[in-house]
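The following report describes the secondary-structure packing of one protein model. Please examine the sequence and the structure shown here before reading on.

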Amino acid sequence: MSKLMIELTINGKKRKVETTHSTRLLDLIRDDLHLTGTKEGCGKGECGACTVIMNGELVASCLILAPQADGAIITTIEGIGDDKCLDPVQEAFIETGAVQCGFCTPGMILAAKKLLEENPHPDEEEIKRGISGNLCRCTGYQKIFDAIKLAANRLSKKGGGRGEEDA
Ligand code: FES
Ligand code: FES
């Protein structure tokens, strides 16, 4: 199988990786870059477990071939917080009990971050649309909605806006 070298920026770091024309971005991220926060669920673009942000858009990394990511800027769940300083969206998911098995959580949090970047005050319908590409088998979604609302309120306070923590 012929190999090729690609270069991408992942979580703020430039990386050169040898890959093949048929390697999925998901496998490159997990197996070659060892960023195993990105999960594989369906492998068919339906569950959102493999969601990453590529060039500013949410994408299912199971549907993208590694060569398509040559030159791309990618954020995975490892890029938005760490053990010492969680992202406000991560904190809100933990506080509201929106994490159960955790399998959907990395993709869900990236979808929530993207939603809040574009729409800092989403209502419940907008939250539903924002995470419509991400399936959760455990939580029934209500706690995820609560987490996103809590994060939105906190982020708007940080930004100097008004928010209601208990909304
Ligand atoms: S594993 Fe990619 S969408 Fe399900
Ligand atoms: S927490 Fe288990 S799939 Fe969402």
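Helix α3 (residues 105-118) lies across β3 and β4 and runs at about 40° to β3. Helices (H or I, at least four residues) and strands (E, at least two) are DSSP runs numbered from the N terminus. Two residues count as being in contact if their C-beta atoms, placed from the backbone, lie within 7 Å. Axes are lines fitted to C-alpha atoms, for helices over the stretch in contact, and angles run from 0 to 180 degrees between N-to-C directions.

The model is predicted: local features need pLDDT of at least 70 and side-chain atom pairs count only at pLDDT 80 or more, whereas totals for chains, interfaces and linings use all residues. Residues are numbered from 1 along each chain as its sequence is written, and chains are lettered from A and ligands numbered from 1 in the order in which they are written.

**Helix packing**

Helix α2 (residues 88-95) packs against α3 at an angle of about 125°, and the two axes are 10 Å apart. That angle makes α2 oblique to α3; angles under 35 degrees count as roughly parallel, over 145 as roughly antiparallel, 65 to 115 as roughly perpendicular and the rest as oblique. The crossing of α2 and α3 is right-handed. A crossing is termed left-handed if the near helix is turned anticlockwise from the far one by less than a right angle, and right-handed if clockwise. On the α2 side the contact involves V89, Q90 and F93, which meet T105, I109, A112 and K113 of α3. By class, this contact of α2 with α3 has four nonpolar, two polar and one charged residues. Here Ala, Val, Leu, Ile, Met, Phe, Trp, Tyr, Cys and Pro count as nonpolar, Asp, Glu, Lys and Arg as charged, and the others, Gly among them, as polar.

Helix α2 also packs against helix α5 (residues 142-158), at an angle of about 135° and with the axes 8 Å apart. The arrangement of α2 relative to α5 is therefore oblique. In passing α5, α2 makes a right-handed crossing. P88, V89, A92, F93 and E95 of α2 form this contact with A147, L150, A151, R154 and L155 of α5. The residues of the contact of α2 with α5 divide into eight nonpolar, no polar and two charged.

**The sheet**

Five strands form an open sheet in the order β2-β1-β5-β3-β4, with mixed pairing. At the edges stand β2 (13-20) and β4 (57-60), each with a single partner strand, so one side of each has no neighbour in the sheet. On average, neighbouring strands of this sheet are turned by 40° against each other, direction ignored. Strands of a sheet pair through backbone hydrogen bonds, either parallel or antiparallel. Two strands are taken as paired if DSSP finds at least two bridges between them. The table lists strand pairs of the sheet.

| Strand pair | Sense | Bridges |
|---|---|---|
| β1 and β2 | antiparallel | eight bridges |
| β3 and β4 | antiparallel | four bridges |
| β1 and β5 | parallel | two bridges |

β1 and β2 form a hairpin with two residues between them, and N11 in the turn has a positive phi of about 50°. In β2, E18 is the bridge partner of M5, and K16 is the bridge partner of E7. Strand β1 (residues 3-10) also pairs with strand β5 (residues 73-75). T9 stands opposite I73 in β5, while I10 has I74 in β5 as its bridge partner.

β3 and β4 likewise form a hairpin with two residues between them, where N55 in the turn has a positive phi of about 50°. M54 stands opposite E57 in β4.

**Domain arrangement**

The protein is divided into domain 1 (3-79) and domain 2 (88-158); the bounds come from an automatic or database domain assignment. The C-alpha centres of domain 1 and domain 2 lie 22 Å apart. Across the boundary, 13 residues of domain 1 are in contact with 11 residues of domain 2. Strand β3 (residues 51-54) supplies the largest share of the side of domain 1 that touches domain 2, namely three residues. By class, that side of domain 1 has seven nonpolar, five polar and one charged residues.
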